[in-house]
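Hi,

Here is the structure I said I'd pass on.

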Amino acid sequence: HRLINQERTSVCQSYYYLDLVTFPRVAQMPRIVFEQVDDEGVDADMAESNEIPVHDVAALRAAALGDAMSSVRNMAEHTRLKSLSDLSQALGELDQLLQHGEQNGPPVLTTLGVVLNTILTNAPLSTYENARKQALQSSSVLVQHMQAYDIRLCSEDSYQRLSGFFCEGVSLFPEFTPENARALGHLGEALYDWCDAIYTLVG
């Protein structure tokens, strides 16, 4: 892509589209061509013309949003799989972490257990003690549930409940942050990342 009458700088298509989404004023620039050009540059006749066509910016925004959503989903799926791999390779350590939550553990750990149980069972928000009787009975049971989880089974009610944990600025659980989860160690981070990825994929 080129900017006419300016330095001929190649612009990454995806980021350029995202710029259009972020900065709508670009649409008002009269001499922009959204055309794919080869290494020889823009056609000279087109460059000299004052009738340079500007493509439908609304369509470009829609395409950019579609590309962005696809990229986000791909990143979330990658995170989900990586988290599962990390957890499945450290079941003994994960059992210790789950037990720690029963002994007046950090608030982020008990909240994390409640979130996991809500996702995996579609159950209403409950307590860490109840979560330990359900999806968090043991590390092996938890990981099996996580591996088998089908995002299509997430109810609308469950998704709305999860919004209270993940929506920035409106979180009802201020202790539930990636920074606090990271303080629990790599498994706490993996559990949080899996929950976050599922929330993204379901949404």
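Before the notes, one term: contact here means heavy atoms within 4.5 Å. Also keep in mind that this is a predicted model.

Let's start with two helices, α8 and α10. On the α8 side, Tyr159, Leu162, Ser163 and Phe166 meet Tyr192, Cys195, Asp196, Tyr199 and Val202 of α10. Sorted by type, the residues of this contact come out as 7 nonpolar, 1 polar and 1 charged.

How do the two helices lie against each other? Two packed helices are described by the angle between their axes and the distance between the axes. For α8 and α10 the angle is about 125°, and the axes are 11 Å apart. Angles of 65 to 115 degrees would count as roughly perpendicular and those over 145 as roughly antiparallel, so α8 and α10 are oblique to each other. The crossing of α8 past α10 is left-handed.

Now for the aromatic rings, where I found 8 pairs. A pair of aromatic rings is described by the distance of the centres and the angle of the planes. Take tyrosine 149 and tryptophan 194: their ring centres are 5.9 Å apart and their planes stand at 70°, so this pair is edge-to-face. Tyrosine 149 sits in the loop between α7 (139-148) and α8 (156-166), while tryptophan 194 belongs to helix α10 (residues 186-202), so the pair ties together parts that are 45 residues apart in sequence. Both tyrosine 149 and tryptophan 194 are buried.

Another pair takes us back to the two helices. Phenylalanine 166 and tyrosine 199 are stacked, at 4.9 Å centre to centre with 20° between the planes. Because phenylalanine 166 is in helix α8 and tyrosine 199 in helix α10, this pair ties together parts that are 33 residues apart in sequence. Are these two residues buried or exposed? Phenylalanine 166 is buried, with a relative accessible area of 13%, and tyrosine 199 counts as buried too, at 12%.

Phe166 and Tyr199 also belong to a cluster linked by ring pairs, together with Tyr159, Phe165, Phe173, Phe176 and Tyr192.

One last thing, in another part of the chain. Most residues other than glycine have a negative phi. Asparagine 122 is not a glycine, yet its phi is positive, at about 60°. You'll find asparagine 122 in the loop between α5 (107-121) and α6 (128-133). With 28% relative accessibility, asparagine 122 counts as partly exposed.

Cheers

Note on methods. Residues numbered from 1 in each chain as written. Predicted model: local features only at pLDDT ≥ 70, side-chain atom pairs only at ≥ 80, totals over all residues. Heavy atoms only, no water. Phe/Tyr/Trp six-rings, centres within 6.5 Å; stacked < 30°, edge-to-face > 60°. Helix = DSSP H or I, 4+ residues; strand = E, 2+ residues; numbered from the N terminus. Buried < 20%, exposed > 50% of the residue type's maximum accessible area, 1.4 Å probe, protein only. Axes fitted to C-alpha atoms, helices over the stretch in contact; angles between N-to-C directions. Parallel < 35°, antiparallel > 145°, perpendicular 65-115°, else oblique. Left-handed = near helix turned anticlockwise from the far one by under 90°. Nonpolar A, V, L, I, M, F, W, Y, C, P; charged D, E, K, R; others polar.
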